[in-house]
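Thanks for coming, everyone. Please look at the structure on the screen, and I'll walk you through a few local features.

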Amino acid sequence: MNLTAKDLDFAYNSRPVLERISLMLNPGRLTVLIGPNGSGKSTLLRCLDGVLKPRQGCLFLEDQELSRLTARELARRIGYVPQNASPLTSTTVSEIVLLGRRPHLRFRISDQDRDKVAESLDALGLTGYSGRFFDELSGGEKQKVILARALAQETKILLLDEPTSNLDLRHQLEVLDLLTSLKKTRRLSLAVSLHDLNLAARYADDLVLLHQGRIAVAGPPEQVLTPDSLARVYGVRALVKPSDKGRLHIDVQATLQPEPEVEG
């Protein structure tokens, strides 16, 4: 399922945050949003999810306008995982994952709902964790539980805001490897915001570099992550060179003066 944004503008009160944003999320592809703090990554994800209403522009699921869908219909099509999405600590893993079934629940929890919870736990290697309490888990395990809850929602579009924040390197790679696997096996349209440019280069099919609420450049990593774009947007001098398997490696050398202006 495609999700398309056309000429989106968004403002908090009278302060512009996003301007003329156009992009498309495609099945089986991972789109990574990058950019400095305040560039609009989180706001864009919340607009794509329908949580925030753009001031101008349109959002389409296939050929259907997002604004015409009810909240329940949206929740069946788009999953959104915010930063630090921590459930109540006294909740078990299976109860947390079951929350992902809310858009599908009718009068009671069905056998199908329980089966979907079990499938989601199995997909992330969490079958043996179902009865454990959330606050007993490591950071990486907690993030997997949040992903399992999103999978149980059975959407074709999944948006994740900084899913690797506060994780060590091993768990960052583990979470992104899982997303890479899921986009292939479930043909998900994925959008993720990241701060780490080397992780973005490693995992992105498509990169969107945001700067002061606008798309500075978008495309495959080798077109987006150039010394010129990094100097212009981040205000740094960087070496960009191929590493193993054709991936890029970004080595930041120094900051440039003056620093780029960051709004918001």
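Start with two helices. The axes of H5, residues 139-152, and H6, residues 169-185, come within 10 Å and cross at roughly 20 degrees. Axes here are lines fitted to C-alpha atoms, for helices over the stretch in contact, and angles run from 0 to 180 degrees between N-to-C directions. Helices are DSSP runs of H or I, at least four residues, and strands are runs of E, at least two, numbered from the N terminus.

H5 and H6 are therefore roughly parallel to each other, a label for angles under 35 degrees. H5 contributes Gly140, Gln143, Lys144, Leu147 and Leu151 to the contact, and H6 contributes His171, Glu174, Val175, Leu178, Leu179 and Leu182. Contact means heavy atoms within 4.5 Å.

A quick note on the source. This is a predicted model: local features need pLDDT of at least 70, side-chain atom pairs count only at pLDDT 80 or more, and totals for chains, interfaces and linings use all residues. Residues are numbered from 1 along each chain as its sequence is written, and side-chain values use heavy atoms, with hydrogens and water left out.

Next, two glutamates. Most residues other than glycine have a negative phi. Glutamate 62 has a positive phi, near 55 degrees. Its place is the loop between strand S4 (56-61) and strand S5 (64-65). Glutamate 162 has a positive phi too, near 50 degrees. That residue sits in the loop between strand S7 (157-161) and H6.

Which glutamate is buried? Glutamate 162, at 9% relative accessible area. Glutamate 62, at 41%, is partly exposed. Buried means under 20%, exposed over 50%, partly exposed in between, with a 1.4 Å probe and protein chains only.

Terms used:
Parallel < 35°, antiparallel > 145°, perpendicular 65-115°, else oblique.
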